[in-house]
Amino acid sequence: MHFSHLTKEYLPLLKSWFQKPHVAEYWHGQGLQNTLTSIDQFLTSEEAPFTHWIAFHENTPFGYLITAPYESNGLSVDLLIGDERFLGKGLGTQMIPELITAHFSHIHDIYIDPSLSNSRAIHVYEKVGFVQVEEFTPSWDPEDRCVLMHWKRDGLGH
């Protein structure tokens with residue numbers, strides 16, 4: 001598995017993933033619009049607050065991640081597996097540790113905030129070692145509830 005910054009070349013593929021039912025269930029409305037705006041900013045500005053990544057298995061793009069600084073020395077992460085052929089293969093539990101090891105070796109506190117209704121994602125994050133910190137209502141979707149999860153990375157492992 002490897003990661004590269006999102007480029008315009010992969011934008012049509014990413015937008016097609018956002019339309020897939022398993023993605024659109026959680027990436028929709030104002031939250032999706034905020035993501036698309038952030039992508040445009042990332043692709044056109046060096047001052048973008050979020051970094052957008054494409055994940056590859058061998059040389060096939062299969063996933064998407066967003067990272068941003070969080071608090072003093074933390075990192076927030078959001079991710080999806082867009083290509084259905086890669087669902088259920090254990091790649092979700094590998095994506096975050098491998099991204100952190102490859103690109104953020106100095107970061108030890110990682111945060112993610114899935115929707116409470118996304119039990120599959122919560123289960124994957126708990127397998128990685130995330131623990132639930134608190135529930136909240138996101139500003140981008142006042143009808144949803146999310147859970148802030150924290151992972152304390154120790155050394156080179158997790």
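This is a predicted model: local features need pLDDT of at least 70, side-chain atom pairs count only at pLDDT 80 or more; totals for chains, interfaces and linings use all residues.
**α1 against α3.** Helix α1 (residues 11–18) and helix α3 (residues 29–44) meet at an angle of about 170 degrees. Angles over 145 count as roughly antiparallel, so α1 and α3 are roughly antiparallel to each other. I noted that their axes lie 12 Å apart.

Next I listed the contact residues. From α1 come Leu-11, Leu-14, Lys-15 and Phe-18. From α3 come Leu-32, Thr-35, Leu-36, Ile-39 and Leu-43. I sorted the residues of this contact by type: seven are nonpolar, one is polar and one is charged.

**α5.** Which residues of helix α5 are buried? In α5 (residues 119–128) I found Ala-121, Ile-122, Tyr-125 and Val-128 buried. They cover an arc of only 115 degrees around the axis, so they sit on the same side of α5. An α-helix has 3.6 residues a turn, so residues three or four places apart point the same way. On the other side of α5, I recorded Ser-119, Arg-120 and Lys-127 as exposed.

I then checked what covers the buried residues of α5. The cover includes helix α4 (91–103) and the strands β4 (74–81), β5 (109–112), β6 (131–136) and β7 (146–152). After α5 comes Gly-129, with a positive phi near 125 degrees.

**Whole chain.** I counted five helices and seven strands. Their order along the sequence is β-α-α-α-β-β-β-α-β-α-β-β. The radius of gyration is 15 Å, which agrees with the value near 15 Å for a compact globule with 158 residues. The C-alpha atoms fill a box of roughly 35 × 35 × 35 Å along the principal axes. Of the 158 residues, 44% count as buried.

Note on methods
Residues are numbered from 1 along each chain as its sequence is written. Side-chain values use heavy atoms; hydrogens and water are left out. Buried means under 20% relative accessible area, exposed over 50%, partly exposed in between (1.4 Å probe, protein chains only). Helices (H or I, at least four residues) and strands (E, at least two) are DSSP runs, numbered from the N terminus. The arc is that of the directions from the helix axis to the C-beta atoms. Contact means heavy atoms within 4.5 Å. Axes are lines fitted to C-alpha atoms, for helices over the stretch in contact, and angles run from 0 to 180 degrees between N-to-C directions. Angles under 35 degrees count as roughly parallel, over 145 as roughly antiparallel, 65 to 115 as roughly perpendicular and the rest as oblique. Ala, Val, Leu, Ile, Met, Phe, Trp, Tyr, Cys and Pro count as nonpolar, Asp, Glu, Lys and Arg as charged, and the others, Gly among them, as polar. The radius of gyration is taken over C-alpha atoms; the globule rule is 2.2 Å times the number of residues to the power 0.38.
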